[in-house]
Amino acid sequence: GGNGTRSSNPPRRQPSPVGSGARHLDREGGRRGQSAQAETIERNGSKRPNGGVELRLSEDFDLSLELQREGFAVTPERRIELQMERLRSRPVFGILENKLLTHSLLRHLGAPTQEIAYGALASARLGEWPAYSAAQLRAALGKAHGWRRGAVLKPATDGGNVGTVLLSGFGALENGSLIYRVDRHDGQRWRRLRWSTEAALSHAAQHLGASAPAGRWAQSYMHRGMLLQARYDCARGECKPGELRRQHGLSCGGRGTGCILEVKAHVVFGRLSCIIVEQVPVAFNVSLYATVSDTGVVDCAESDGAIAEARGAENGATPFSCLHFARIVQPQLPALAELAQRLASVYLADWFRLDVFVGHPRLGMRVNEVTYPSHVRDTCALRHWLRQYRTLRLRPTSGRDILARLQRILGVDNATFMLGASG
């Protein structure tokens with residue numbers, strides 16, 4: 001939600017089945033968490049003589065006054081409400097919540113991303129992204145038709161899989177129009193369809209128009225767009241069970257089934273806080289829920305859906321469990337923590353969610369998106385966030401200055417950005 005994942009509640013806590021693996025995570029998480037915190041302080045703030053920490057925080061993110069008025073006693077729902085007020089009114093979120101502009105920023109930071117074959121905005125060029133052309137998208141769809149791993153067509157300013165379709169080439173009509181096998185989420189589950197190129201173009205036009213579903217977020221500085229991107233998936237002949245067993249120590253299904261994961265990490269004042277892990281393509285009721293505390297302790301629990309699915313596991317595949325977190329996600333935590341800190345330093349942000357794909361033996365970790373505020377009702381990250389607001393000494397920093405710096409990095413014209421928003 002909120003241009004992020006679907007609204008969902010954290011899964012019920014369960015004892016970790018990982019055993020010694022969980023204790024190993026505790027020790028490793030402690031070292032890495034403390035390192036990330038030290039680096040954040042070094043870059044964004046400074047130590048006070050009395051041992052306190054002063055941290056720079058953008059005025060566009062700063063909710064100190066609101067939280068003080070409410071006695072730092074806010075529910076997950078109230079956290080979302082307060083942050084949505086900022087999302088709707090502050091220009092910086094027109095960048096953070098735009099997948100095209102964020103892609104440019106991530107490449108500037110040297111982060112691993114998936115190739116975008118075509119990306120464009122509804123009205124006018126911003127930075128490297130031009131105004132939309134149906135002819136150019138048609139040409140890009142033609143190239144993507146032959147991609148072995150498939151493609152993703154999705155809006156630049158929406159989330160929760162709204163408008164996201166997974167495409168793979170599937171022949172052609174007699175008139176020459178290409179056909180795609182399409183997987184599309186209907187709010188409950190993924191459904192299989194067949195589309196022509198014309199159907200894909202019609203879908204894009206729907207999400208670029210004035211009545212696009214993304215308008216429900218009422219974001220003042222939204223610039224609607226569309227992108228066609230390489231899919232993070234295993235092609236035929238890739239991700240063979242033996243290869244994945246050697247790399248992850250797990251038995252995975254054909255073409256990596258069960259071992260291609262999306263990691264959704266809440267980042268609190270530059271530190272990884274709480275993490276949701278889901279299999280790709282996502283089933284929102286089947287997840288892992290891992291916690292990185294202030295002391296660096298990591299634990300893990302499975303959702304009820306994951307436990308139920310594990311009972312029915314077949315074909316010798318390792319049931320989806322916290323063992324997947326230990327073997328696939330945990331080795332990526334240092335790189336994920338470093339990227340989270342760098343993004344927080346650019347935005348001087350107190351909170352966002354960083355989503356990455358992991359598990360592919362050749363692609364490694366790739367960023368999917370950055371989103372704010374995240375509609376996942378995460379009580380763990382909420383406690384961490386409130387505790388930081390109570391204990392840190394925050395130095396407000398001009399949101400205008402941060403926006404101007406981002407625009408310079410991205411080559412975005414301020415007048416076009418401020419006056420040409422389509423939200």
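A residue is called buried when its relative accessible area is under 20%, exposed when it is over 50%, and partly exposed in between, with a 1.4 Å probe and protein chains only. This is a predicted model, in which local features need pLDDT of at least 70 and side-chain atom pairs count only at pLDDT 80 or more, while totals for chains, interfaces and linings use all residues. Residues are numbered from 1 along each chain as its sequence is written, and side-chain values use heavy atoms, with hydrogens and water left out.

Q: Why is Tyr389 called buried?
A: Its relative accessibility is 6%. The limit is under 20%, so Tyr389 counts as buried.

Q: What makes Trp351 and Trp385 buried?
A: Trp351 has 0% relative accessibility and therefore counts as buried. Trp385 also has 0%, so it counts as buried. Over the chain, buried residues make up 57% of the 423 residues.

Q: How many aromatic pairs are there, and how is the pairing of Trp351 with Trp385 classed?
A: There are 10 aromatic pairs, a pair being two rings of Phe, Tyr or Trp (its six-membered ring) with centres within 6.5 Å; planes under 30 degrees apart are stacked, over 60 edge-to-face, and the rest tilted. Trp351 and Trp385 lie 5.8 Å centre to centre with 65° between the planes.

Q: What does the pair of Trp351 and Trp385 tie together?
A: Trp351 belongs to strand 13 (residues 351-358) and Trp385 to helix 12 (residues 379-391), so the pair ties together parts that are 34 residues apart in sequence. Helices (H or I, at least four residues) and strands (E, at least two) are DSSP runs numbered from the N terminus; the chain has 14 helices and 15 strands.

Q: How is the pair of Trp385 and Tyr389 classed?
A: The centres are 5.3 Å apart and the planes stand at 90°, so the pair is edge-to-face. Both residues lie in helix 12, 4 residues apart, about one turn of the helix. Elsewhere, Phe61, Phe93, Tyr347 and Tyr372 form one aromatic cluster.

Q: What makes a space a pocket or a cavity?
A: On a 1 Å grid over the protein atoms alone, a cavity is a set of points where a 1.4 Å probe fits but cannot get out, whereas a pocket is an open set with protein on both sides within 12 Å along at least five of seven lines; lining residues have an atom within 4 Å of a point. Grid points are joined across faces, edges and corners, and a volume is the space filled by probe spheres set on the points. The largest pocket has a volume of about 1,000 Å³. Its lining has 44 residues, and the closest to its centre are Arg231, Asp233, Thr257, Val280 and Pro281.

Q: Which element gives the most to the lining of the largest pocket?
A: Strand 5 does, with 4 residues. Strand 5 (165-172), strand 6 (178-185), strand 7 (190-196) and helix 9 (304-311) are the elements giving two or more residues.

Q: How many cavities of 30 Å³ or more does the structure hold?
A: It holds 4. The second largest cavity has about 120 Å³ of space. Among its 16 lining residues, Lys99, Thr102, His103, Asn368 and Glu369 are the closest to its centre. Helix 5 (99-108), strand 8 (225-230) and strand 14 (366-371) each supply at least two lining residues.
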